[in-house]
Amino acid sequence: MIEWISEIGVAILLTLLILAVYAYQVSMGQILLTETYTDTIKFINKSKLVRTTLSYKDLWEITRIYVTEFRDKIGLTIKPAFNITIYPSDGYVSLCVTTWSSQTIPFLKYKITRIILGSEDISSLEYGEGEVIRCTKTNVHYSTTSIYVILIKYYRLATFTIIAPRNLVLNAYDPYTDLIYNETKIEKVYTIIPFYGKPVEAFFEKRDGGTFVEYEYGTVAFIVFEVGRVYITYRFPFNFTSGSFTPELEKYVHSEYYTFYISCGRR
Amino acid sequence: MRTLEMALIVVIILLLYATLSTYIVTPKLSLKNDYYLLKEEAYSLARVLADSHILMHIMYEANPEDKIKIVVTAFSPANREFMVKIIDLTKNKVYLVKTPGFDKCTISATATVFYSDSKHNRIFVIELSLGRITGGKT
């Protein structure tokens, strides 16, 4: 009798153990499969970051998807293809250009435009161009109140950055409607195309509650003179950062004439 | 007693199976992600080489391999090893550049891009592989 009871007891224990092992296996498998479809992969798939040629609207859409759904989970950076920095040197601008892995590429060509704004129009311009190997001193004067438009070219690879005082930058441009939403009457609009070396005055008209500007392919920003204020608004999200993270994907994408560096990864 | 012994044997076998499969499956699933991301990076880098028309200039200079190495090193992300094979289809010549650590990579992904140089009437195939040296259980 005791033998029978012990046999039954052991059989029950055995069944329980086997079930426990199976349960453990199933739960581990699920954890592993969930890990495969990580937030970074989800973000890449959802934002269609698998492409290498994007429109300016796609770039804005990437930032929108990131801000609305992934900002707490992963980090994102959209930058020009090169790391472009400026610093003052004897009253002039010194320009430094490296890749994002801090490497130097010999003989990059640069164009730099300094834009000084008045209250009703652009008051003056300065322009310089040349070649840069890591750092070079330009012939453009340095000032913290000016806007600098810098174009870097390596054969046909072109990228740009705009360095402007924070109080002059305004998010007034809506890429989805292609309109600038102004508060007062717009008096003058300039488009910035870094290849030209100077802003180009553009035609504009009232449309659907905003202002539509007739701009050229390759326009990167607008300088808007409204009644009582002036600001610059960007057409590309070329300087998007979201704090520190571990990069899992670092790639280059093309949009219009320009190449951008995009990086994303887990926090 | 015989039942108990059998039960113990079965439990040991099952636990062994569970442990081994965890060790084998985990790196495989991890590598699946790494491969996907490396492939993306390799393709975008190969496109930079093609779209920037860099090859139109550097392939006709002496020792093009050195220039290719400088350019790809500069543009590739940190902690990546690479191998670039540029095949000149017109002259049937192959240029190969790789970092010393590429052979030690435990994972790599390759992207292939065509580039046609209409100025010199040449066609190139760019095969760019990016790899990483991974180690241990991820």
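Visitor: What makes the 87 residues of the largest nonpolar core a core?

Guide: A nonpolar core is a set of buried Ala, Val, Leu, Ile, Met, Phe, Trp, Tyr and Cys residues joined through C-beta atoms within 7 Å; buried means that 20 or more other C-beta atoms, placed from the backbone, lie within 10 Å of the residue's own. The 87 residues form such a set, in which A:Val149, A:Ile150, A:Val220, A:Phe222, A:Phe260, B:Leu45 and B:Leu128 touch the most other members. Helix H1 (residues 2–51) of chain B gives the most to this core, eight residues. The model is predicted: local features need pLDDT of at least 70 and side-chain atom pairs 80 or more, while totals for chains, interfaces and linings use all residues. Residues are numbered from 1 along each chain as written, with chains lettered from A and ligands numbered from 1 in written order.

Visitor: What makes residues of chains A and B count as in contact?

Guide: Their C-beta atoms, placed from the backbone, lie within 7 Å. By that rule, 33 residues of chain A are in contact with 34 of chain B. H1(A) gives the most to chain A's side, 13 residues.

Note on methods
Buried ≥ 20, exposed ≤ 12 C-beta atoms within 10 Å, placed from the backbone. Helix = DSSP H or I, 4+ residues; strand = E, 2+ residues; numbered from the N terminus. Contact = placed C-beta atoms within 7 Å.
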